[in-house]
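Hi,

Here is the structure you asked about. Have a look at the ligand site when you get a minute.

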Amino acid sequence: MTFHAKFSGYADPALHAAGLYIGGKWQSGSGITVLDPSTGNLLAEVADAAIEDAQRAVDAADAAAAGWRATPARQRSEILRRWYQLMTQHAEELATLIALENGKALADARGEVAYAAEFFRWYAEEATRIPGEFRHTPSGSHNILVDHEPIGIAVLITPWNFPAAMATRKIGPALAAGCTVILKPASETPLTAYAMARLGEEAGVPPGVVNVLTTSNPGGITNAMLADPRVRKLSFTGSTGVGRVLLAEAAKSVVSCSMELGGNAPFIVFDDADLEVALDGAMIAKMRNAGEACTAANRFYVQAGIHDAFVAGLTARMKSLKIGPGYDPETQCGPMITQNAVRKIDRLVSEALAAGARATTGGKPLTENGYFYPPTVLENVPVNASIAREEIFGPVAPVYKFESDDEAIRLANNTEYGLAAYIYSRDLKRAMKVGKRIETGMLGINRGLMSDPAAPFGGVKQSGLGREGGVTGILEFMEPKYFAVDY
Ligand code: NAP
């Protein structure tokens, strides 16, 4: 791996890992360029794994599997706990790395590191509480004993928007369950994944238990791994489009899949909401990671009586945000991940404006270097505009006016996604009644942030399959085994 000179000023050299990590060995290489999204300049170049490297990673995960599975839960737990502590000790360097390669503001990057490390602490605890069952059959003929066994080698594929947290949310439960893994991080943000693997090594993760590959051929590499009968799990976080392709590929070898896919979260504000609380929540739900979050509020449905005050308040807050490189401590809204991301946002906003929407702030890309789009509020957006159907993944808040509860529910559910939703009302009974009718895996009531390692994260409809985190997250990496026992 080679680093641009600018990079070394920001991050701890101890975290500069060197390329592919297979079987506890580092293999340097080149071929994948990592850019600073605030300038478009080269930050680093990392190794580009070929199919043979992926096969070696599966061999390494296989060689380590029996030993890791037999390692007592308490010992697995202590390794995860050390990894959590090391991430916490190195929080500032990890946050800087994330801010550099992803572009998000340092405050968001620090928040991500704390959230990411927490998955290791949570699963260090859960590793020692793997459940089983003992039951009596209704007929009285025998007893039912249910054990949970590690599912086998797991391939973990993660996106660029949370380079640390999406990895720990998978590695934590997989290792706690007794599985060995191969992590393929996103090509835009591999440095955080390699830095964390370095810390895992220091925490005592045995060689081969965690392997990390970067590649310019994600489809070829993943298909080769899924075709290997030793691989029994695919845990993917990313877009719904790629998720569909991977589900079809995994079907060929009937590999168990957990899918954390795209979202199109509605943010519903009722007339009886506390305006300031709703605006605070809106800023978190929209602007964490500058809108590049799967749970980001994508459609603001605001009841007629509070609509104008909400638009005015949101516009003032969005306008006041300081735009700049993520690693500048003053920045509140960093760049988008790529120029393509800016183009997509521009297309959605331009189409909405052409269809009659009005921008109360922002509304077109910034022209300076880097991939910047300004915080934008749109009002009078037609409910069938493409911006209401597609993930914006940027700092744009389209606001739609509604009259009745039934109308809000109908609009909120008018999407193939169902990951996250938000409701603001002082009337908890009303919020719960509406919430029960919203098709979503997660619902924030008077809260703009719902992610928590102790809670089940995931979506319904085309937002995914399975849940990460919480007490059930570990079961995604286990198979129940039923013993019919007569004694
Ligand atoms: P993406 O394009 O689907 O990529 C995600 C990962 O899949 C990357 O590592 C990518 O590798 C890899 N990939 C791409 N094509 C592949 C293929 N044919 N086979 C195997 N792997 C492949 O998504 P993204 O743009 O990185 O992330 C944004 C999306 O993720 C959004 O839709 C967002 O909502 C979703 N997301 C969901 C959650 C959740 O928990 N539900 C959380 C975060 C993000 P390369 O980088 O090398 O292309």
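Below is what turned up around the ligand.

This is a predicted model, where local features need pLDDT of at least 70, side-chain atom pairs count only at pLDDT 80 or more, and totals for chains, interfaces and linings use all residues. Residues are numbered from 1 along each chain as its sequence is written, and side-chain values use heavy atoms, with hydrogens and water left out.

The ligand has 31 residues around it, with Arg169, Ser187, Ser239, Leu261 and Glu391 coming nearest (a residue is near if one of its heavy atoms lies within 4 Å). By class, that shell has 15 nonpolar, 11 polar and five charged residues (Asp, Glu, Lys and Arg count as charged; Ala, Val, Leu, Ile, Met, Phe, Trp, Tyr, Cys and Pro as nonpolar; the others, Gly among them, as polar).

Now the polar contacts (pairs of N or O atoms within 3.5 Å). A side-chain N or O atom of Glu391 is 2.4 Å from a ligand oxygen; for Ser187 the distance is 2.5 Å, and for a polar side-chain atom of Ser239, 2.6 Å.

Domain 1 (9-261 + 463-485) and domain 2 (265-452) both contribute to the shell, so the ligand lies between them; the bounds come from an automatic or database domain assignment.

Cheers

Key: A polar contact is a pair of N or O atoms within 3.5 Å; within protein, one must be able to donate a hydrogen and the other to accept it, and residues adjacent in sequence count only if both atoms are side-chain atoms.
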